[in-house]
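Q: I would like a close look at one part of this structure. Please take it step by step.

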Amino acid sequence: MKVGDFLKQNIIEKLLAEKNGIVKTADVVAAGISKETFYKYAQSIGLEKAAHGIYLLPSAWADEMYLLQAQIPKAIYSHETSLYLHELAEMEPIPFTVTVPAKYNNPTLAEKGVKIIYTKKEWHMLGICQISSPSGHPIAVYNMERTICDIIRKRSDMDISTFNYALVGFMKRKDKNLNRLMEYAKTMRLEKKIRETMGVLF
């Protein structure tokens, strides 16, 4: 093996190690390795194609949350799924819930069987944070305060026990930010609903 090939192999192996066995073609190319070189190496070690531009080791745990977002970056985990990721829910929700901009249309997303929430384009990026999925990969999710605004807005669609558990849990959290909550509420024109809900429960 040539020295150059050995170095490229090391780079790919390092990326796979950092990403728990899952790698994007875009990340490999960004590291200075051509697609052709990567595809040849992927075939030689038996990398499996999980989706367009996403490959994983046969031994890697297929992280559905990460893979979905890697394919569809505009899909932000929200509502019940966000509550679960922030430890404000008792159990993992099925199916996953994601929020996308109004009028956004992606056939692949519809095929995934997820619950899709549409929001105003100007609200789509409000309160996004990055956390680790249960399998350890970085995913985009709305922060706690944005999520509380979302579930209060959709209260009629929420299971009452899930709703109450989330609000009680949020108020007990030391890392909550009530100022941020009210900033989001003002932006989303939810101030009255937020104050009424918090006043009744607390």
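Predicted model: local features only at pLDDT ≥ 70, side-chain atom pairs only at ≥ 80, totals over all residues.

A: Start with the two helices. α8 covers residues 144-153, and α10 covers residues 178-187. Their axes come within 9 Å and cross at roughly 45°.

Now look at the residues that touch. α8 brings Glu145, Arg146, Ile148 and Cys149 to the contact. α10 brings Arg180, Leu181, Tyr184 and Ala185. Sort the residues of this contact by type: five are nonpolar, three are charged and none is polar.

For context, turn to the sheet. It is open and has three strands, in the order β1-β3-β2, with antiparallel pairing. In general, strands of a sheet pair through backbone hydrogen bonds. β1 (22-24) and β2 (48-51) stand at the edges. Each has a single partner strand, so one side of each is left without a neighbour in the sheet. From one strand to the next, the twist averages 35°. Three bridges join β2 to β3, which spans residues 54-56. Here alanine 51 stands opposite isoleucine 54 in β3. A helix packs on this sheet too: α4, residues 64-71. α4 touches β1, β2 and β3, and its direction makes about 5° with that of β1.

How values were computed:
Residues numbered from 1 in each chain as written. Heavy atoms only, no water. Pairing = 2+ DSSP bridges. Helix = DSSP H or I, 4+ residues; strand = E, 2+ residues; numbered from the N terminus. Axes fitted to C-alpha atoms, helices over the stretch in contact; angles between N-to-C directions. Contact = heavy atoms within 4.5 Å. Nonpolar A, V, L, I, M, F, W, Y, C, P; charged D, E, K, R; others polar.
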